Amino acid sequence: MKITNLIIKAINKNNGKITIRTLRGKEHDVYLNVAEGYIYSETALRQQKIDLKLFDMIVDFMRSQGGRVTKGNGRNAKVGEGKCPLDSLCGFIATEYYGKQVGESTFDPVFAVVAILDYVGVVKNLRGEVVLVNAYK
């Protein structure tokens, strides 16, 4: 089953909204726009609309990395530098989803997309890294 289908099913099961929790315990409501194929959250993603295809891309990337990746951090680093290396989830999303180049700034949705993947049971969200659940490796 595609990861996007799990997310759609979970959100639809909860009347169009899920509430994700960060590792620090902060809660964010996430909504689905089925017609246009994206999720959004006023608090977690600000004005960003995240295409559902990103979730399948993330899982494919994690599989290619052995099922375990560092999260990275694009809020305080440029793409490919510091805490946002290209082999981190942040670096991957920046280059493959947002089309950013090394040295550019990027929006960093990692905490939100990982919390969504954890919510639907695809990953284990750990401090600093993400691990695919065995069923999805």
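For the count of charged side chains in this predicted model, Lys and Arg are taken as positive and Asp and Glu as negative, while His and the chain ends are left out. On that basis the protein chain carries 20 positive and 14 negative side chains, and the centres of these two sets are 6 Å apart. The accessible surface of the protein chain amounts to about 7,400 Å², and 44% of this area belongs to carbon and sulfur atoms.

The secondary structure consists of 4 helices and 7 strands, which follow one another from the N terminus in the order α-β-β-β-β-α-β-α-α-β-β. The C-alpha trace spans about 40 × 35 × 30 Å along its principal axes. A compact globule of 137 residues would have a radius of gyration near 14 Å, and because the protein chain has 14 Å, the two values agree. Of the 137 residues, 45% count as buried. When contacts between residues at least 6 apart in sequence are considered, 49% of them join residues that are at least 24 apart.

The largest nonpolar core holds 41 residues, of which Ile3, Ile7, Ile39, Phe55, Leu89 and Val122 touch the most other members. Two or more residues are given to this core by each of α1 (3-13), β1 (17-21), β2 (27-33), α2 (53-64), α3, α4 (110-119) and β7 (129-132), and the greatest contribution, 7 residues, comes from α4.

The buried residues of α4 are Val110, Ala112, Val113, Val114, Ala115, Ile116 and Leu117; because 7 of its 10 residues are buried, α4 is largely enclosed by the rest of the structure. Just after α4, Gly121 adopts a positive phi of about 85°.

Beyond its neighbours within four places in sequence, Val79 is in contact with Cys84, Leu86, Ala94, Thr95, Lys100, Gln101, Val102, Gly103, Glu104 and Thr106. The C-alpha atoms of Val79 and Val120, which are 41 residues apart in sequence, lie 28 Å apart in space. Ala44, in the loop between β3 (38-40) and β4 (49-51), has a relative accessible area of 7% and is therefore also buried. With neighbours within four places in sequence left aside, Ala44 is in contact with His28, Phe111 and Ala112, of which Ala112 is one of the buried residues of α4. Ala44 and Ile20 are 24 residues apart along the chain, and their C-alpha atoms are separated by 9.3 Å.

The loop that holds Ala44 also holds Arg46. Arg46 has a positive phi of about 50° although this residue is not a glycine, and with a relative accessible area of 53% Arg46 is exposed, whereas Ala44 is buried. A positive phi, in this case about 60°, is likewise found at Asn15, which is not a glycine either. Asn15 is located in the loop between α1 and β1, and its relative accessible area of 77% means that Asn15 is exposed.

Note on methods: Residues numbered from 1 in each chain as written. Predicted model: local features only at pLDDT ≥ 70, side-chain atom pairs only at ≥ 80, totals over all residues. Heavy atoms only, no water. Rg over C-alpha atoms; globule rule 2.2 N^0.38 Å. Buried < 20%, exposed > 50% of the residue type's maximum accessible area, 1.4 Å probe, protein only. Contact = heavy atoms within 4.5 Å. Areas by Shrake-Rupley, 256 points an atom, 1.4 Å probe, with all protein chains shown as cover. Charge placed at Lys NZ, Arg CZ, Asp CG, Glu CD. Core = buried A, V, L, I, M, F, W, Y, C linked by side-chain atoms within 4.5 Å.
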